Structure formats: structure tokens, C-alpha cells
Amino acid sequence: MLSEVRSPDPRGALWTGSMRLLIIEDDREAAAYLVKAFRETGHVADCAHDGLDGYALAREGAYDVLIVDRMLPKLDGLSLVRSLREQKVATPVLILSALGQVDDRVKGLRAGGDDYLPKPYAFSELLARTEALARRQVGSGTAEETRYRVGDLELDRLSHRVTRSGREIPLQPREFRLLEYLMRHAGQVVTRTMLLEHVWDYHFDPQTNVIDVHVSRLRGKLDKGFPSPIIHTVRGAGYVLRVDEGAAG
Amino acid sequence: MNRLPIDALNSPETGAARFQKLFRTTAFKLSLAYLAIFTLCAFLALGYVAWNARAVLDDQIVSTIDAEINGLSEQYNAGGLRRLISVVERRSREPGASLYLVTTAGGDHVVGNVGYVPAAILATPGQSETRYGRNDSDAEAHRAIVRVFTLPGGFRLLVGRDTEERDRLRAVIGRAFGTSVAAIVLLGVIGGWLAASRVLRRVDAMTQTTRAIMAGDLDGRLHVAGNGDELDRLASSLNQMLERIGELMRGMRDVSDNIAHDLKTPLTRLRNRADEALRRPSTPDELRAALEAVIDEGDGLIRIFNALLMIARLEAGSAREIMAPLDLGAAARSVAELYEALAEDQGFTLDVAAQDGVVVEANRELIGQALANLVDNALKYGAPPEGGPGRIAVSVWREGGRARLAVSDSGPGIPEGERTHVLARFVRLEQSRSRPGLGVGLSLVNAVVRLHRGTLHLRDNGPGLRVEVVLPLAQDDAADAVDLERLKTR
């Protein structure tokens, strides 16, 4: 089968550019903190302090991702997103909310949001999710690949086979899905909650390090017999799958 | 303003406003409607009586006239006009006499006790009702029924009877009608007034109580008179509503008390860590470690906070709308699969025994969270006290028309006496257990189970704790499945 392997970057990242973000948040201190934090991580961020300003900016500006607080003066976050979607503005939206309950989440996504993050959150979580949304935007339009390759690691979604340097690595179905998600987001930090959401389809707080155990098992299988690890832990954030810079040649 | 009996209520309104309010009551409006109906009834009844009485009296008058005429005609036949005139003259003078009049063809008075009668009446033979006068002076003062005959020679004979008696009767009936209508109106207004003010008084009392409740007296309840009328029923269902609201309020208050209580310890710890790092001269690495520890404590706090908030929201019954049929066995397997690796690492075996097709109407996320909490608790507290590998069993089955789910461990369990205690103090973190989790974790499970209209039981696993959840089966699906089976067998 002819398969397209989209991985020009040896580190496995498909998208490494800096993001242009719009933060719509009425708490000026929080907004300033976010703008500063995003700038420090190499992105460009504008901000609006009420729903109407935010709506106008979001319609005009070419942003990669919108970060929208749910409770905003003049036009609330959900209505804003709904209006944008009605105007065919397809920019990915991440909704921030102090309401983190199950039904709120569903409402947020129903209004046209692409992701939902309850407050308070760690900036690393927000950054990882924003990057995932921005990359999804870049990658949209092309069909999902049937095969992922990062360095010497290859995953075939059709035959459910994983090989590293040509050697087959047997995986459990859940481990396969975990690796699939990591490879789709290769070069990019994925958090534990992102893994729980996308691999297990749960949005609750597991309260323990359940995900770590799964990742470390997968890591054990992938790295066994190879000199360089391919799944890296990012302290305080999550994991990233990439070829170690020293080994990538 | 007159002193109305209602003034005694020392209500703040003015008398006029009070009046308006009274007129607007349903009781008063109903009274007015009944008043109109009764008045109409009285009118119809008396009208019927009057009409019949008049007919009877008219008949009587006519038959009297007939008798007179018979007598006179005998006299006329026996003695001619002369005899008739003398008889009429005699009879006219008798007390209580009928009316007689004989005139010439030109209308001139010959004999009789009628002074005046319209000429048109005399001109037309036959019976009619007319006005007449006893003599010329009181021309048309009286009324009578008369019959006129033409005698040979152009003479006219008029025989009639005064209708005064009949008219008196009519007047009596008219007065009776007036009096009774007045009585009905008076009684109706008074009755309506009394009924309305009685209702109004009770409604006012209710309003006062509800205002007091709104002002903060949450223990206030509406007075129930005990006679079981509609106001009583309203009052008692409002009281039930207030009871439920009070319950929820108390629940919320408990939750906030518990939040304060449960967050104080970790907050103090967090503050102490930051304080300690500041007090001592530290290397950047030490400071970094301290900051990371502070963030960890912060995350822990957020976790507890979220769980408590979630419990409160679930207790309030929100999120009930996002339920769908859920295969409980599949949910159990999925959560077990999530925890299996962790369990193995911690020296536990985690087994799932789930029947297929145990479907409940549920929220997958919440059931998942509850299951995760139960398995997590089992991992934390379910290791055998004497050492050795721990066992956790998750089972799902159908029994007695209900879906059942159990998570059992091999730990020390909870002594029977303490189980109800744990259940009773669900929201509070269990202080006896040093690690946080069980209290909030089990409370959350309980809240989820209650939201799904189920029950939670703590049992002895001999040894260990067995937490059993009983949920109602998804009715529609079960019924559909049965229907499908029936269709297939046909």
C-alpha cells in the first residue's frame, strides 16, 4: 500500500512555527500573564478584554487559535464562539472556564469550541493544548495518515504494526492507541489529561498517576534494546515523543 | 375611612387598597356571579307565580261577569229593558257590587255605577280591559274587565268587575320580589365579603410568612389549618418545597463548611512551605524545589476543591440532563483497564467479572469517575494488613431487576459500627485516614450514585471492604429488548 509519510522534520515535528493567538479574557491580570507566558514560549498573543472587542478581533485577525474565557462582559464566551461559527470563522477555539463540570464542558463544545480547559489550570497544560489545536488547524484538510514515522519508529494504523528500526514491537491495543496519539503529536508536549481524554475518552481527574504507569510501560517496550529513548518526560507538563537530538542524525 | 373588621389585621395597607384587594379576590368575584344567578332565579320564580296568579284571578273575574250577565239576561228576557234597568239600578247600589252601565245609543248615561268609560269601549261589543271612573270626577282612576252588549234600540249594556284586587296582588308580588332581591344582594355581598376576607386573611398570612422566609427566616413554615381545603393543600405542598430547599441549603452550607475545614490543613501546609523557603537562605535549586512543592500542594488543593464542588453540583441535581444508556459492564472494564497497570505495579491483582447487557441510564463520565474513585480507594486502602498481594475485584451483574456493581478489596475493611458513620459523614474527609481521598472520594461516589437514583452500600468482603452500588436498569431499553424478543418468536 502506498502511504504518505508526512514527516520532513527529523525530530518528528510537523509544525514548529510560532502561533498567533488571541486571548479574550476580562481579567486583565490573567490576560497579561498569559500574553507574557506565550511570548516567552515564542508565540505572538493579542488580547481583548470583553466579548465584543474579542469578536471583532477574532473576525478580522488571522489567528491560529482563540483562547476564550467563558464569562465575559458584553458578550459571553459561548455566544461569541457560536456567532463566530455562524460567520464561518473556523479558527480553533479553546474555552477557559471556572465551571469545570461535565455538563459545562459539553455545552462549551456544543457551542463550537474545540477544547475546554477548566480554571485553574497549569500554563503548561494550556500551552500543550493550544499547540495541539494550532497544529490540527495546519494539518486539517489532509486525510489522516495511515502511517506515522518518527526517526526509526514506525506505526502502521491499518495493520496495527509498530516497528523500530525494522524490528516489530508487539503492543496491547490500548498501548497502540497511546503511541498513535503520541506519534500524531510528535515533537509536541502532550499532557496527562490530554492522553486520558483522547486515549481513554475520559475527562475526569483520576487522582493518581495512572497515565504515568501506562506511558512507562509503553516506553519500556519501545526503548528496550535501543540506546536512545523516544518518549521523553517533560517535567511539570507531560510527555513528548521525539528523536533525541544527539541521536538524530 | 370606616373602621373595617380587617383593620384588626394591622396590615400596612390603607383601607382603600384593602377594599380593592378584597374586590379582586376570587372568592368575592365568585360571590358576585352567584348573586347575579340567584337574583335571576328569584325573578323567574316570582314572575311565574305572578303570571299564574293573574291568570287565576282573571278567570275568576270573567266567570263572575258571566254569572252577572246570565242573571241580567234572564231579567231582560222576563221583563225587557225596563226590568233590566231597574235590576241594574238596584244591584249598582249593593255594597261590593260589580260594575254596571246602561247607555243610550248616543252614549248617554241611563243607569249604573260607572261614571266614565272610554267611548271606544262602549262602541265595540265584547270583552276588554279598560280604565274607568266611578263618577265623572275620577275619570280614569280605576281599571276593570268589562263586557259590552248592544241591546235592541241601540242601548248598550256594560257589565264588568274592578281589577283592584288583582292589581293589589301584583303589587304584593312586586314588593316580595324587591324585598327578596334586596335580601339576596345583601346576604350575597356579606357572604362574599366574609368568604373573601377569610380567604384573603389566610393568603395574607401566607404572604407574610413567605416574606419572612425571603427575609431570612428559613425555618418559617406556612400555617396549615388542618381542614384539608385547597389552601391547606397549597400550604402543605409549599411547606414541602421549603423543606426541600432548606435541605439543599443545609447541604450547601455543610459543603462550604467542609470545604473550609478540608482546605485549611493543606493551605496551612502550603503556606508553611513557602514561608520556610523564604526564611532560610537557599540555593536556587532549593528554592526551585520549594516552589515545585508549593505547586504540588496547590494542585492537590484544586483537586479537593473540584471534587467538593462537583459533589455540591451533583447533590443539587444538575447534570441529570446529559444521561444516556450506558453498558455498565463496558464502563467497568474500561476503568479497570485504565487502572490495571497501576494496580499491578502496586502489587495488586485487578479482576473484572461483568455480565453483558447490564444497561443503565447514566452519565458515562460520572460513572467512570465513581468507578475510578472506588478502584483508587481500593488501591490506597485495600492491601492485606498482613502483607502479600492485594486483590481487587470489580463485578457487574443484574439482580432483582436492578443493575449492581461492586468493587471489593482485601484490606482491613471498615468495622461495621463505623460504616454508617462513614456514610453519615460522607462529605467530610476521613480524619482517621491520614491520606486524603477516601472521604471526598466516597462522597463523590455517593453523590454520583444518588444522582443516578441508586443506592450505595458498604459491606464486609470477609476480609476487606466491598462497596456495592445498586442502580435502576434503563427501563426503556429493557422493554424494547423484550418486545424485540417477542417479535422474533412470532
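This is a predicted model: local features need pLDDT of at least 70, side-chain atom pairs count only at pLDDT 80 or more; totals for chains, interfaces and linings use all residues.

Trainee: What about chain B, what mean pLDDT does that chain have?

Mentor: Chain B has a mean pLDDT of 79, with 86% of its residues at 70 or more. Residues 1-11 of chain B have pLDDT below 50, and that stretch makes 9 contacts in the model beyond near neighbours in sequence. Residues 425-438 of chain B are also below 50.

Trainee: OK. Switching to chain A, how many helices and strands?

Mentor: Chain A has 8 helices and 12 strands. Of its 249 residues, 41% are buried.

Trainee: And its contacts, what share join residues at least 24 apart?

Mentor: The figure is 58%, counted among contacts in chain A between residues at least 6 apart in sequence.

Trainee: I keep clicking on V68(A). Where is that residue?

Mentor: V68(A) sits in strand β3 of chain A, which covers residues 65-69.

Trainee: Buried or exposed?

Mentor: V68(A) is buried, because 29 other C-beta atoms lie within 10 Å and the cut-off for buried is 20 or more.

Trainee: Which residues does V68(A) touch?

Mentor: Leaving out residues up to four places away in sequence, V68(A) touches I24(A), G54(A), G77(A), L80(A), V81(A), V93(A), I95(A) and L96(A).

Trainee: Next, the open sheet of 4 strands in chain A. What is the order?

Mentor: The order is β6-β7-β8-β9 of chain A, paired antiparallel. The edges are β6 (147-150) and β9 (167-168) of chain A, each pairing on one side only. Between β6(A) and strand β7 (residues 153-156) of chain A there are 4 bridges, and the two run antiparallel. Within that pair, R149(A) is opposite E154(A).

Trainee: Then there's β12(A). Which strand does β11(A) form a hairpin with, and what is in the turn?

Mentor: β11(A) and β12(A) form the hairpin, with 3 residues between them. G236(A) is in the turn and has a positive phi of about 75 degrees. Strand β11 (residues 231-234) of chain A is joined to β12(A) by 4 bridges, antiparallel, and V234(A) stands opposite G238(A). Strand β12 (residues 238-241) of chain A also pairs with strand β10 (residues 190-191) of chain A, antiparallel over 2 bridges. There, V190(A) faces Y239(A).

Trainee: Back to chain B. How many strands are in its open sheet?

Mentor: The open sheet in chain B has 5 strands in the order β2-β1-β5-β4-β3, with antiparallel pairing. Its edge strands are β2 (109-112) and β3 (126-132) of chain B. The average twist from one strand to the next is 25 degrees. β3(B) is joined to strand β4 (residues 142-150) of chain B by 7 antiparallel bridges, and Q127(B) is opposite R147(B).

Trainee: Which strands does helix α2 of chain B lie across?

Mentor: Helix α2 (residues 26-93) of chain B lies across β1 (99-103), β2, β4 and β5 (156-162) of chain B. The helix runs at about 145 degrees to β5(B).

Trainee: And α7(B) with α8(B), at what angle do they pack?

Mentor: About 35 degrees, with the axes of α7(B) and α8(B) 9 Å apart. The crossing is right-handed. Residues in the contact include A332(B), V335(B) and Y339(B) of α7(B), and I367(B), L371(B) and V375(B) of α8(B). By class, the contact has 12 nonpolar, 1 polar and 1 charged residues.

Trainee: Last one, the contact between the chains. How many residues from each?

Mentor: Chain B gives 23 residues and chain A gives 19. On the chain B side, the elements giving two or more residues are α6 (284-315), α7 (328-345) and α8 (364-381) of chain B. The residues on that side divide into 10 nonpolar, 6 polar and 7 charged.

Conventions. Residues are numbered from 1 along each chain as its sequence is written. Chains are lettered from A and ligands numbered from 1 in the order in which they are written. Two residues are in contact if their C-beta atoms, placed from the backbone, lie within 7 Å. Ala, Val, Leu, Ile, Met, Phe, Trp, Tyr, Cys and Pro count as nonpolar, Asp, Glu, Lys and Arg as charged, and the others, Gly among them, as polar. Two strands pair if DSSP finds at least two bridges between them. pLDDT is the predictor's confidence in each residue, from 0 to 100. Axes are lines fitted to C-alpha atoms, for helices over the stretch in contact, and angles run from 0 to 180 degrees between N-to-C directions. A crossing is left-handed if the near helix is turned anticlockwise from the far one by less than a right angle, and right-handed if clockwise. A residue is buried if 20 or more other C-beta atoms lie within 10 Å of its own, exposed if 12 or fewer, and partly exposed in between; C-beta atoms are placed from the backbone.
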